[in-house]
Amino acid sequence: MATVVVASDHAGFEMKQVLKALIADMGHQIADVGTNDTASVDYPDFGAAAAKEIRDGRADLGVLVCGSGIGISIAANREPAVRAALCHDVTTTRLCRLHNDANVLALGSRVTGIETAKECVRTFLTTDFEGGRHQRRVDKLGQAPDNA
């Protein structure tokens with residue numbers, strides 16, 4: 001089973017706690033890098049902390065939650081080893097794994113219901129990358145853009 005890093009800001013804390021239990025029930029190890037309550041915090045700090053766990057090999061996958069999912073996914077994607085996908089449903093979650101080899105799932109607690117979020121996490125953790133024609137595209141994600 002995988003080690004899954006989880007992180008949230010204050011807006012995503014309650015959803016993170018529910019998803020953490022689901023991830024553990026699925027048999028995965030959890031690395032929780034915060035936050036630890038609903039006191040106001042800055043999502044970039046927690047997106048970066050989760051990304052560092054992926055980069056340094058302490059986690060295989062990640063699940064991040066903030067109010068919209070946007071900010072924490074941007075923060076995590078600043079780390080080149082991370083391919084964070086903001087998903088709102090099972091279809092986008094399945095495709096982010098199949099076609100993009102996303103290693104981090106970002107969710108928005110204010111825009112995604114808890115049952116949908118749980119289904120997204122289940123899908124994310126049980127879907128493998130297809131490789132094949134998608135591999136060359138994923139490889140390009142790690143390259144610096146050509147600004148010539």
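Modeller: This is a predicted model. Start with helix α4, residues 90-98, and helix α5, residues 114-126: their axes come within 9 Å and cross at roughly 20°.

Colleague: What does that angle make α4 relative to α5?

Modeller: Angles under 35 degrees count as roughly parallel, so α4 is roughly parallel to α5. The crossing of these two helices is right-handed.

Colleague: Which residues make the contact?

Modeller: From α4 the contact takes Val 90, Thr 93, Arg 94, Cys 96 and Arg 97, and from α5 it takes Glu 119, Cys 120, Thr 123 and Phe 124. By type, the residues of this contact are four nonpolar, two polar and three charged.

Colleague: And α1 with α5, at what angle do they cross?

Modeller: Helix α1 covers residues 13-25, and its axis comes within 10 Å of that of α5, with a crossing of roughly 40°. That angle makes α1 oblique to α5. The α1 and α5 crossing is right-handed.

Colleague: Which side chains are involved there?

Modeller: On α1 they belong to Met 15, Val 18, Leu 19, Leu 22 and Ile 23, and α5 brings Ile 114, Ala 117, Lys 118, Val 121, Arg 122 and Leu 125 to the contact. The residues of the α1 and α5 contact split into nine nonpolar, no polar and two charged.

Colleague: Next pair. How do α2 and α3 cross?

Modeller: Helix α2 runs over residues 43-55 and helix α3 over residues 70-77; the axes come within 8 Å and cross at roughly 45°. α2 is therefore oblique to α3. α2 passes α3 in a right-handed crossing.

Colleague: Who touches whom in that pair?

Modeller: α2 uses Tyr 43, Pro 44, Phe 46, Gly 47, Ala 48 and Ala 51, while α3 uses Gly 71, Ile 72, Ala 75 and Ala 76.

Colleague: How many residues of the contact of α2 with α3 are charged?

Modeller: None is charged; eight are nonpolar and two are polar.

Colleague: Loops now. Where is the cis peptide bond?

Modeller: The cis bond joins Gly 34 and Thr 35, with omega about -5°. Thr 35 is in the loop between β2, residues 29-32, and α2.

Colleague: Which residue other than glycine has a positive phi?

Modeller: Asp 101 has one, with phi near 50°. Asp 101 sits in the loop between α4 and β5, the latter being residues 104-108.

Colleague: Changing topic, how much space lies in the largest pocket?

Modeller: The largest pocket holds about 240 Å³.

Colleague: Which residues line the largest pocket?

Modeller: The lining consists of Asn 77, Glu 79, Pro 80, Val 82, Arg 83, Ala 84, Ala 85, Cys 96, Asn 100, Ala 102, Leu 141 and Gly 142.

Terms used:
Residues numbered from 1 in each chain as written. Predicted model: local features only at pLDDT ≥ 70, side-chain atom pairs only at ≥ 80, totals over all residues. Heavy atoms only, no water. 1 Å grid on protein atoms, 1.4 Å probe; cavity = no way out; pocket = protein on both sides within 12 Å on 5 of 7 lines; lining within 4 Å. Points joined across faces, edges and corners; volume = space filled by probe spheres on them. Axes fitted to C-alpha atoms, helices over the stretch in contact; angles between N-to-C directions. Helix = DSSP H or I, 4+ residues; strand = E, 2+ residues; numbered from the N terminus. Parallel < 35°, antiparallel > 145°, perpendicular 65-115°, else oblique. Left-handed = near helix turned anticlockwise from the far one by under 90°. Contact = heavy atoms within 4.5 Å. Nonpolar A, V, L, I, M, F, W, Y, C, P; charged D, E, K, R; others polar.
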